[in-house]
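Biologist: I am new to this one. Could you show it to me, and then take my questions about how you know what you say?

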Amino acid sequence: MEGSMTRVISQLLLAVLTVSMLVAGEGKKKVADFTLEDCNGVKHTLSDYRSSKAIVLMFIATKCPVSNAYNTRMAELQKDYASKGVTFIGINSNKQENAEEVKNHAKEHGFEFPILKDWNNVIADKLEASVTPEIYVLNSGLDVLYHGRIDDSQRENRVSSKDLRAALDRILSGKAVEVEVTKAFGCSIKRVQ
Amino acid sequence: MTRFAARVCLFAFCAVCLWGCGSKPGQEGSSGAVVRDSATTQRIEVSKLDAPALARLIQERHGKVLFLNVWATWCVPCVEEFPDLVKLHHAFAGRPVEIVGVSADFDDEVESKIIPFLKKQNVPFRVYVASFQRQEDFINGVHTSWSGALPASLIIDSKGERKWFQVGKGAFDQFKLEIEKTLGGL
């Protein structure tokens, strides 16, 4: 009886420890700190946002039809989660999309989050980002807690899995993200050779 | 009892996974759902490609190497490289090589977008439209390392083994070289 009780307690402790490690980002891919200028010339350092409950990095594009299909959803996500302590940062790594174009695109679509211009796709290479849109959700330790798509369909009326929202809701409630990696069709990031 | 319960759970999990990876009820693979262009004499067929059809396409090679290109009408680099795929088909005519395109457009855009594009390209090879309940299952079915970025090209040898995979725009000479390597001529 005592033996089985000890076993149950140790299993419970192990479960609690595992969940704590996952929320804390133990064993996750870590993003090295970086500084980039946004399309207005303002410098942003990733570690400056460490006090956020989560940092959402979004690789986006101005000309990609898939990324553009998500413009409204990205603006809504920022509105819904910024007040909950989540920071949204857009990153444009496409070689053919200049800062002026990125700035106009952001204004046109009402983006209230900064969009950093990743010249020579240095950050895309470091994170191994390959597609737009592509999302990385980080904790305060800059560990990747979620990587993948915003949801499972370019067409909003066909969405059945709101993956980014699900991940953020889990993180905000102190739980481990259930589906950490997802995939979807998108435009390849146009890199310098 | 515990072991029995674990086996039951494992069986249920596998059953759910297999069900989830399957095609939508009512959707057919390469053998059905063919759309024809009736406006011209040019015969253009775009079949729906589901999970079993993709598995058959990769595994049942009948002695031929497969060059599979995933593209979309909305993808600029895909559109740019498409003429090279047509050229590739003609370059390997009479040799054991099959060029196949799979469109990542929506499967209800066959007549409105895919066929008009294929007509303009005068496409001589088989083209499918990906028709998976979960887009992710198609992406992983093509290559587990693939993020879903388009275009993507895959070479399968005559035994059904993946030999080469590339994400992003390629060109005729590069594709030809990789096919020749797989054929064993280089």
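Modeller: Here is a short talk about one residue and the contact around it.

This is a predicted model, where local features need pLDDT of at least 70, side-chain atom pairs count only at pLDDT 80 or more, and totals for chains, interfaces and linings use all residues. Residues are numbered from 1 along each chain as its sequence is written, with chains lettered from A and ligands numbered from 1 in the order in which they are written.

Biologist: Where is Ser147(B) placed in chain B?

Modeller: Ser147(B) sits in the loop between helix H5 (135–142) and strand E6 (149–150). Helices (H or I, at least four residues) and strands (E, at least two) are DSSP runs, numbered from the N terminus.

Biologist: Why is Ser147(B) called buried?

Modeller: A residue is buried if 20 or more other C-beta atoms, placed from the backbone, lie within 10 Å of its own, exposed if 12 or fewer, and partly exposed in between. Ser147(B) has 24 such neighbours, so the residue counts as buried.

Biologist: What does Ser147(B) touch, not counting residues up to four places away in sequence?

Modeller: Ser130(A), Val131(A) and Lys183(A). Contact asks for C-beta atoms, placed from the backbone, within 7 Å.

Biologist: How many residues does each chain bring to the contact?

Modeller: Chain B brings 13 residues and chain A brings 11. On the chain B side, H5(B) gives the most, with three residues.

Biologist: What makes E9 of chain A and E6(B) a pair?

Modeller: Pairing takes at least two bridges found by DSSP between two strands. Strand E9 (residues 186–188) of chain A and E6(B) have two bridges, in the parallel sense, so they pair. In one of them, Gly186(A) is bridged to Ala149(B).

Conventions
Contact = placed C-beta atoms within 7 Å.
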